[in-house]
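Please read this briefing alongside the sequence and the 3D structure. It is meant for a reader who has not seen them before.

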Amino acid sequence: MQLLQIIISGIAQGCIYGLIALGFVLIYKATETVNFAQGELMMLGAFCGLGLMTMLDFPFWLAVLSAIAAMALFGIALERVVVRPILGQPAFSIVMLTIGIGYVARGLITMIPTIGTETHTLPVPYKDQAWKLGELVLNVEQLVVIAATAMLSALLYLMFRYSKLGIAMQAASQNQLAAYYMGIPVKRLNGLVWGLAAAVAAVAGLLLAPITFVHANMGFIGLKAFPAAVVGGFGSLPGAIVGGLVIGLVEALSGFYLPEGFKDIAAYVVVLVMLVVRPNGLFGEKLRKKV
């Protein structure tokens, strides 16, 4: 029973990693840009939900939907105003830009009096609830994370598989120039991809907040989600979720069975092993270039 509870806890944490990794993969597939501010977008989504619930007295579900929509619009605006003008520059410049966006986001939050400098509890209706199945005790917060991740993954699959928007995004991710010549509005799609990545990050933040609280530094969890994207394959959306689950389970099991300190490095050990054994990740495609 103890092992089963550790596995469930690891799966729940892995789902959070997977959702953040989804943002990494979405933006990378669309623009070949690695967004190192994805964790901070998650943090902003959590603070947005917190503000709507505590300051504006929004009901829980309305606050969640409003926070996701607000972050989607923020992601679109961020791509249009900050990211788009620098596209085409060396990759290092874009990487430094996204790192800078993360620092600016954290700095702006910490500048808000009594909010950015403290740790907050997100008032969700299922806080501290548990279900008992015989000797097994299931944390409702973790079950909500797993269920919401499964639902969101299914919605994304349906969108990319059957909707015109999803198919257009896939075409643009394969070859932007060919998609442009076929009449697909590539620039607009890039903005929508950033909006979708920000919305997914907001979902991750709202799911994580009841477990680890809301604070300005919660975005650092993105450093664990990056290995999840690498393990799953940086060009694969299903791989992001699977990679997150792998990292979450490895962390949970190493934290219980191995000496103290191994949990903090477990994710990066898995990445090193994966890069040696399968450099393209579990679901990554092999790319060849002719010189």
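The model is predicted. Its protein chain has 11 helices and 2 strands.

**Overall build**
- From the N terminus on, the order of elements is α-α-α-α-β-β-α-α-α-α-α-α-α.
- The radius of gyration is 19 Å, close to the 19 Å that the globule rule gives for 291 residues, so the protein chain is as compact as a globular protein of that length.
- The C-alpha trace spans about 60 × 50 × 35 Å along its principal axes.

**Helix 1 and helix 8**
- Two packed helices are described by the angle between their axes and the distance between the axes.
- The axes of helix 1 (residues 2-31) and helix 8 come within 9 Å and cross at roughly 170°.
- Because angles over 145 degrees count as roughly antiparallel, helix 1 is roughly antiparallel to helix 8.
- Residues of helix 1 in this contact include Gln13, Ile16, Leu19 and Gly23, while those of helix 8 include Asn190, Trp194, Val203 and Leu207.
- The contact residues divide into 16 nonpolar, 4 polar and no charged.

**The second largest pocket**
- About 580 Å³ of space lies in the second largest pocket.
- Of its 21 lining residues, Val64, Ile68, Ala148, Met151 and Val203 are the closest to the centre.
- Helix 3 (60-83), helix 5 (140-162) and helix 8 (186-212) are the elements that each give two or more residues to the lining.
- Helix 5 supplies the largest share, 8 residues.
- The lining of this pocket has 21 nonpolar residues, no polar and no charged.

Technical notes
Residues are numbered from 1 along each chain as its sequence is written. This is a predicted model: local features need pLDDT of at least 70, side-chain atom pairs count only at pLDDT 80 or more; totals for chains, interfaces and linings use all residues. Side-chain values use heavy atoms; hydrogens and water are left out. On a 1 Å grid over the protein atoms alone, a cavity is a set of points where a 1.4 Å probe fits but cannot get out, and a pocket is an open set with protein on both sides within 12 Å along at least five of seven lines; lining residues have an atom within 4 Å of a point. Grid points are joined across faces, edges and corners, and a volume is the space filled by probe spheres set on the points. Helices (H or I, at least four residues) and strands (E, at least two) are DSSP runs, numbered from the N terminus. Ala, Val, Leu, Ile, Met, Phe, Trp, Tyr, Cys and Pro count as nonpolar, Asp, Glu, Lys and Arg as charged, and the others, Gly among them, as polar. Axes are lines fitted to C-alpha atoms, for helices over the stretch in contact, and angles run from 0 to 180 degrees between N-to-C directions. Angles under 35 degrees count as roughly parallel, over 145 as roughly antiparallel, 65 to 115 as roughly perpendicular and the rest as oblique. Contact means heavy atoms within 4.5 Å. The radius of gyration is taken over C-alpha atoms; the globule rule is 2.2 Å times the number of residues to the power 0.38.
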